[in-house]
Amino acid sequence: MSSCLDLVLDVATGTGAQAYELAKLGHEVLGIDLSSEMLEQAKKKCGQELKLGFQQVDATDIPFGDSFFDASSISFGLHDMPYEVDLLVLKEMKRVTKNNGKILIVDYMEPRKHLVARFSHQIVSLYETVNYKPFIERGLETILKEVGLKIDKSTNFLGAVQINLITNQKDK
């Protein structure tokens with residue numbers, strides 16, 4: 001994320017770890033999640049003069065106008081959702097993120113993309129939700145293509161986690 005970004009939406013924020021890190025970089029961040037229990041944990045990260053807030057919101061129906069946020073992010077959320085929900089969430093992220101704004105997606109690496117992911121997949125599949133395996137088999141790029149998003153930059157962390165940056169290109 002570039003330092004010129006201002007207002008960032010962190011979708012499926014959970015305990016707010018990513019939202020907190022983005023706020024520490026100087027961004028104004030709103031973390032949203034369905035789980036009130038997770039948000040209670042996240043709200044403990046507020047304060048410290050950070051521009052950071054949290055709201056209970058359904059990410060398939062984000063209550064903000066088109067192009068409201070400079071950037072949006074989701075970290076380890078898509079693999080927990082059914083495919084149909086992934087599509088709705090990504091469409092909403094695309095809608096609320098400004099044209100040429102950035103979308104950051106962090107999730108498990110597909111085993112076909114890295115040797116370490118082949119091994120970690122065996123362990124991760126033991127404890128993840130029923131949506132994990134279909135997500136991994138389908139692949140993030142396939143899901144993104146369905147909603148008109150394309151990865152600009154991709155890297156990985158230890159071969160087990162993929163970190164993808166997308167420039168939001170609004171349909172003309």
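Strands β5 and β7 run antiparallel and are joined by seven bridges. Helices (H or I, at least four residues) and strands (E, at least two) are DSSP runs, numbered from the N terminus, and two strands pair if DSSP finds at least two bridges between them. The model is predicted: local features need pLDDT of at least 70, side-chain atom pairs count only at pLDDT 80 or more, and totals for chains, interfaces and linings use all residues. Residues are numbered from 1 along each chain as its sequence is written, and side-chain values use heavy atoms, with hydrogens and water left out.

Six of the seven residues of β7 are buried, which leaves the strand mostly covered. Buried means under 20% relative accessible area, exposed over 50%, and partly exposed in between (1.4 Å probe, protein chains only).

Four salt bridges are present in the structure, each defined as a side-chain nitrogen of Lys or Arg within 4 Å of a carboxyl oxygen of Asp or Glu. One of them joins the side chains of Asp66 and Arg95, with an N to O distance of 2.9 Å. This pair links distant parts of the chain, 29 residues apart: Asp66 lies in the loop between β3 (52-56) and β4 (69-75), and Arg95 in helix α3 (residues 83-96). Asp66 is exposed, at a relative accessible area of 56%, while Arg95 is partly exposed, at 23%.

Arg95 also forms a salt bridge with Glu92, the closest N and O atoms being 2.9 Å apart. Both residues belong to helix α3 and are three residues apart, about one turn of the helix. Glu92 is buried, with 11% relative accessibility. Through shared partners, the salt bridges join Asp66, Glu92 and Arg95 into one network.

A further salt bridge connects Asp70 and Lys98, whose closest N and O atoms are 2.9 Å apart. Asp70 is in strand β4 and Lys98 in strand β5 (residues 97-108), so this contact ties together parts that are 28 residues apart in sequence. Asp70 is buried, with a relative accessible area of 16%, whereas Lys98 is partly exposed, at 33%.
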